[in-house]
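Please consult the sequence and the structure shown here before reading on.

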Amino acid sequence: MSQKVAVVTGASRGIGKAIAYKLAEKGMIVAVNYRSSEKEAQEIVNTIIQNGGKAKSYKADVSNYDEANELIASVKADFSSVDVLINNAGITKDMLMLKMTEKEFDDVINVNLKGTFNCIKHVTRIMLKQKSGRIINISSVIGEIGNIGQANYAASKAGIIGLTKSMSKELATRGITVNAVAPGFIESDMTDILNEKIKEQILVNIPMKRIGKATEVSNVVAFLASDEASYITGQVINVDGGMV
Ligand code: NAD
């Protein structure tokens, strides 16, 4: 059987990095997308190769329609197929609505939601021809329950859920599954910036009383990307220690 080819966006650190390693461990060829952290992305590629896997790094800002196209086209040109797309790239620009600027709203929507659309749009053509594919979008529990100071982020992540469900229906008869994973609070650079007081408040709402690990998200992503998840589509799987 030929090796599956997976694209992971925003894979130079955090959850994306854990997903890249996990998919490589499962035997996939991994396209490690980064926006600016070339060195970190290359280190991930080197580690995968040292462990006997195959990987290559690709620079692209997924919020840019043409760059997303170039990313998907380059991976296809290098490895002849794109079997798995993980839309992981994401940003936050937290601010109460009263103070939130139009730019803060647009930036978050453009990376998180439009970036996900861009990559799906370009990969779909390839997957339709292959009559197979796995698309996994990283949403967030915040898209389900909302959060003070995160109207832009919550809207983008709720949008990802709507996009996931619609795409799953459009592609269901074509051998392509589309699912979302909604992490709760996970250790990463995104949550490291929160102060201790906010972290304590977050723990109050997590039945397991701990922050999750990136590998706990990547395990679920790897399952959804595998042949074993062949009858699952249009779902949102929460990885949140029981929070929602
Ligand atoms: P992170 O900030 O460590 O990683 C995000 C990655 O996305 C970075 O590598 C960044 O360079 C990349 N990125 C940002 N904009 C990009 C763009 N325009 N093009 C390409 N890459 C871009 O954060 P993380 O915690 O690892 O988050 C990964 C995903 O998981 C995000 O979508 C985030 O919203 C989601 N998530 C995280 C948590 C959490 O608690 N950490 C919870 C729920 C959802």
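Which helix gives the most to the shell around the ligand? In this predicted model, H7 does so, with three residues.

**The shell around the ligand**

- The ligand has 28 residues around it, of which Arg13, Asp61, Asn88, Tyr153 and Ser188 come nearest.
- Sorted by class, the shell holds twelve nonpolar, eleven polar and five charged residues.

**Polar contacts and cover**

- A polar atom in the side chain of Tyr153 is placed 2.6 Å from an oxygen atom of the ligand.
- For Ser188, an N or O atom of the side chain lies 2.6 Å from an oxygen atom of the ligand.
- Arg35 has a polar side-chain atom 3.3 Å from a nitrogen atom of the ligand.
- On its own the ligand has 820 Å² of accessible area, and the protein covers 97% of that area.
- Helix H1 (14–25), helix H6 (151–171) and helix H7 (189–192) are the elements that give two or more residues to the shell around the ligand.

**Packing of H1 and H2**

- Two packed helices are described by the angle between their axes and the distance between the axes.
- H1 packs with helix H2 (residues 38–50) at an angle of about 20°, and their axes are 10 Å apart.
- Because angles under 35 degrees count as roughly parallel, H1 is roughly parallel to H2.
- The crossing in which H1 passes H2 is right-handed.

Notes:
Residues are numbered from 1 along each chain as its sequence is written. This is a predicted model: local features need pLDDT of at least 70, side-chain atom pairs count only at pLDDT 80 or more; totals for chains, interfaces and linings use all residues. Side-chain values use heavy atoms; hydrogens and water are left out. A residue is near a molecule or strand if one of its heavy atoms lies within 4 Å of it. A polar contact is a pair of N or O atoms within 3.5 Å; within protein, one must be able to donate a hydrogen and the other to accept it, and residues adjacent in sequence count only if both atoms are side-chain atoms. Accessible areas come from the Shrake-Rupley method with a 1.4 Å probe; for residues, only the protein chains shown count as cover. Helices (H or I, at least four residues) and strands (E, at least two) are DSSP runs, numbered from the N terminus. Ala, Val, Leu, Ile, Met, Phe, Trp, Tyr, Cys and Pro count as nonpolar, Asp, Glu, Lys and Arg as charged, and the others, Gly among them, as polar. Axes are lines fitted to C-alpha atoms, for helices over the stretch in contact, and angles run from 0 to 180 degrees between N-to-C directions. Angles under 35 degrees count as roughly parallel, over 145 as roughly antiparallel, 65 to 115 as roughly perpendicular and the rest as oblique. A crossing is left-handed if the near helix is turned anticlockwise from the far one by less than a right angle, and right-handed if clockwise.
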